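Here are some notes to read alongside the model.

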Amino acid sequence: MIREKAPLVIGSVLALGLAGAACEITISTDGDAIYGKELTITVDVLQIHRNCVLPIEDTQIDLYGLSVVDYVPWQEVEPGLRRLVLTVVPHWVGQVGIEVRRECVKHGLMEEDLYLNASLGLETAQELVPQAAELVAAGTGVYRALAQDGTSLAELVVAEGSVDEAGFQLLLAISPDERILGVLLLTPLEVPADKIATFLNQFAGLSLSHLTGFAPQPMPGYEGFSQAILQALRGAASE
């Protein structure tokens, strides 16, 4: 039985690991969780006792922040090892996960979980840039990017700064749990694109609460501009 949960549950459920337990549950994925992108989750149940009285179909699976788009039903891939393969899509940015439970009348509750941090992803972030351009033109300060179901993906904040009397604007994407998803430069400047990208990538994943004390490695030859970007981001985050 597979259930998709709407509320986000934070925290992990530990496997009980009881001596003589009837099953061992393991969960694995084929990559990182990215909003809107397919992810494969494999659930293995190793039945230690071949005469298990609990059918494999009675395994309870709860999903948080994940939507199932396809699956391969339970199969016995080798003696005693049953496997379920789920193809899922994260439908929000932040913590998503899966919990698997089996409650045996002989050995009690056995459970395992796996939680991942789903990122916004570069492609989705780039899709938000035209919306950010409209935001700048409208003169507003904040735009909330929403998924189709109305879930908040990110808060987009325009940060402004200047260096050597040249003004610039940045797009700061903030996740619902107040992490920096990414920073994009909106203003063309005479700075090599690879240097800017390397510098801005240092902010990805940083908690807003840590931004004040954060000291990124400056761009070689553009130390003043690096400091100006840092100050602009700090100012935008504090508003």
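**Notes on the fold, point by point**

1. Strands here are DSSP E runs of at least two residues and helices are H or I runs of at least four, numbered from the N terminus, and two strands pair if DSSP finds at least two bridges between them. Glutamate 76 has arginine 82 of β6 as its bridge partner. Two residues sit between the strands of this hairpin, and glycine 80 takes a positive phi near 85 degrees there.

2. A word on the source: this is a predicted model, in which local features need pLDDT of at least 70 and side-chain atom pairs count only at pLDDT 80 or more, while totals for chains, interfaces and linings use all residues. Residues are numbered from 1 along each chain as its sequence is written, and side-chain values use heavy atoms, with hydrogens and water left out.

3. For the overall picture, the protein chain has three helices and twelve strands. Of its 239 residues, 40% count as buried (under 20% relative accessible area; exposed is over 50% and partly exposed lies in between, with a 1.4 Å probe and protein chains only). Among contacts (heavy atoms within 4.5 Å) with a separation of 6 or more, 57% are between residues 24 or more positions apart.

4. Aspartate 44 lies in strand β3 (residues 39-47) and counts as buried because its relative accessibility is 13%. Leaving aside neighbours within four places in sequence, aspartate 44 touches Glu24, Ile25, Thr26, Leu81, Arg82 and Arg83.

5. Next, the nonpolar cores: each is a set of buried Ala, Val, Leu, Ile, Met, Phe, Trp, Tyr and Cys residues joined through side-chain atoms within 4.5 Å. The largest has 25 residues, and Leu170, Ile180, Val183, Phe203, Ile229 and Leu233 have the most contacts inside it. At least two residues of this core come from each of β10 (152-163), β11, β12, α2 (193-201) and α3 (223-238), with α3 giving the largest share, seven residues. Another core of 23 residues lies apart from it, including Ile61, Leu66, Val88 and Ala118.

6. A search of the whole structure finds four aromatic pairs. Rings of Phe, Tyr and Trp (its six-membered ring) pair if their centres lie within 6.5 Å; planes under 30 degrees apart count as stacked, over 60 as edge-to-face and the rest as tilted. Tyrosine 64 and tyrosine 115 make a tilted pair, 6.3 Å centre to centre with 35 degrees between the planes. Tyrosine 64 is in strand β4 (residues 60-64) and tyrosine 115 in strand β8 (residues 108-118), so the pair ties together parts 51 residues apart in sequence. Phenylalanine 199 and phenylalanine 203 form an edge-to-face pair, because their ring centres are 5.6 Å apart and their planes are at 75 degrees. Both of these phenylalanines are buried, and Phe199, Phe203 and Phe214 form one aromatic cluster.
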